[in-house]
Amino acid sequence: RNLRMVNAKQRLILTGTPIQNSLGEMWALMDFACKGALLGNRVTFKKEFETPIVKGTDKLAKEEDKVLGAQLAQTLREMIAPHFLRREKKTSAQFAGGADRDASGRGSDDDDDD
């Protein structure tokens, strides 16, 4: 709650895997970063996204609940995509031990005369 009181034009979050761990956690992060303008309030988000998505992933879920959950999960991914940059393990492994490398994989000590 105190973080929301920070007066800043832009907000940036660096975090682990909240989207994989908890939709509620993901909502809280996105709510902070987007100043409440992206996913609605917590009650609305839970009703419109979290509950049906979680229900659809239950192994005993009805087929229509599975379909609805998958559709809503896709909609949610599309909504947050412009605000979200994900680093995956396979990408990180390419640069392991090379923190001084740029996006092309070239290090600052690499020759330009290849």
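**View 1. Crossing of helices H2 and H3 in the predicted model.** H2 (23-33) passes H3 (residues 42-57) in a right-handed crossing, meaning that the near helix is turned clockwise from the far one by less than a right angle. Helices are DSSP runs of H or I with at least four residues, numbered from the N terminus. The model is predicted: local features need pLDDT of at least 70 and side-chain atom pairs count only at pLDDT 80 or more, whereas totals for chains, interfaces and linings use all residues. Residues are numbered from 1 along each chain as its sequence is written, and side-chain values use heavy atoms, without hydrogens and water. The two helices pack at an angle of about 145 degrees, their axes 10 Å apart; axes are lines fitted to C-alpha atoms over the stretch in contact, and angles run from 0 to 180 degrees between N-to-C directions.

**View 2. Residues at the contact of H2 with H3.** Leu23, Gly24, Met26 and Trp27 of H2 meet Arg42, Phe45, Glu50, Ile53 and Val54 of H3 (contact: heavy atoms within 4.5 Å).

**View 3. Kink and buried residues of H3.** At Glu50, shortly before Pro52, H3 is kinked by about 35 degrees, the angle between axes fitted to the seven residues ending there and the seven starting there. Phe45, Phe49, Glu50, Pro52, Ile53 and Gly56 are buried (under 20% relative accessible area, 1.4 Å probe, protein chains only). The buried residues of H3 pack against H2 and helix H4 (63-80).

**View 4. Cys34 in the loop between H2 and H3.** Cys34 lies in this loop and counts as buried because its relative accessibility is 18%. Its C-alpha atom is separated by 8.7 Å from that of Gln10, 24 residues apart along the chain.

Methods:
Buried means under 20% relative accessible area, exposed over 50%, partly exposed in between (1.4 Å probe, protein chains only).
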